[in-house]
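Student: I would like to examine this protein step by step. May we look at the sequence and the structure together?

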Amino acid sequence: MKTTFKAALLGLTLMGLTGTTQAQDITYGLQVGSNYHMSSFGNKSVKDNNGKVGVSVAGFARIGDRVFFQPGIGASLLRKEYNFENGQKTPKFYQINLPLQVGYKFLENGDFNLRGLLGPQLNYDVKTVKSSVNTDYKKFSFDGRVGIGVDISHLTLDAYYSHGFTSVDKTLDAKNKTIGIMVGYKF
């Protein structure tokens, strides 16, 4: 099932790329916001798994009109809190994020747009994270990302959910799960 979903995300992204290569509409923007990181753990020794609020900044390009491709690059601080090996762990993740999303404008009315987005996201941890002797967080991870957004003239408001497909730590069997809200300005 996961492989099928990953293939579908990749296929949608490629369709967005090929469908927008001849489009003339290109919009650029910057966003800032907050995220809530709520990793899932397959290791049953992990207790009191609590998410924490972090921050994100990003830039994006929107290529196309009603159906569009929206690649982006961002930086995020993700925080966690959980108990493992008889101690409280509070790791921080400093990530570079590369979302590659296909979008669709459900509603276009002058300067107002309501749109949905879907696609993969690649993540790279800039700083090696060690929350205990037995943990070994990976530098690269792969997520699926879905979101909804509103444009009012040049202002943007986006809400998203990002779900990890790859385990970020073998010992903990941890996967990313993040929700976020971003506000921005498009040029």
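Student: Is asparagine 86 buried or exposed?

Tutor: This is a predicted model, in which local features need pLDDT of at least 70, side-chain atom pairs count only at pLDDT 80 or more, and totals for chains, interfaces and linings use all residues. Residues are numbered from 1 along each chain as its sequence is written, and side-chain values use heavy atoms, with hydrogens and water left out. Buried means under 20% relative accessible area, exposed over 50%, and partly exposed in between, with a 1.4 Å probe and protein chains only. Because its relative accessible area is 89%, asparagine 86 is exposed.

Student: Where is asparagine 86 found?

Tutor: Asparagine 86 is not a glycine, yet it has a positive phi of about 60°. Strands (E, at least two residues) are DSSP runs, numbered from the N terminus. Asparagine 86 is found in the loop between strand E4 (67-84) and strand E5 (87-89).

Student: Which class of accessibility does aspartate 173 have?

Tutor: Aspartate 173 also is not a glycine and has a positive phi, of about 50°. It is found in the loop between E9 and E10. Its relative accessibility is 37%, so aspartate 173 counts as partly exposed.

Student: How many aromatic pairs does a search of the whole structure find?

Tutor: Rings of Phe, Tyr and Trp (its six-membered ring) pair if their centres lie within 6.5 Å; planes under 30 degrees apart count as stacked, over 60 as edge-to-face and the rest as tilted. For the whole structure, the search finds six aromatic pairs.

Student: Why is the pair of phenylalanine 142 and phenylalanine 165 given its class?

Tutor: One of the pairs, tyrosine 104 with phenylalanine 106, is edge-to-face, at 5.3 Å centre to centre and 75° between the planes. For phenylalanine 142 and phenylalanine 165, the centres are 5.8 Å apart and the planes are at 35°, so the pair is tilted.

Student: Where do phenylalanine 142 and phenylalanine 165 lie in the chain?

Tutor: Both phenylalanine 142 and phenylalanine 165 are buried. The pair links distant parts of the chain, 23 residues apart. Phenylalanine 142 is in strand E8 (residues 140-152), and phenylalanine 165 is in the loop between strand E9 (155-164) and strand E10 (174-175).

Student: At what distance from the ring centre of tyrosine 160 does arginine 145 lie?

Tutor: A charge sits over a ring if NZ of Lys or CZ of Arg is within 6 Å of the ring centre and within 35 degrees of the ring normal. Arginine 145 lies over the face of tyrosine 160, and its distance from the ring centre is 3.8 Å.

Technical notes
Helices (H or I, at least four residues) and strands (E, at least two) are DSSP runs, numbered from the N terminus.
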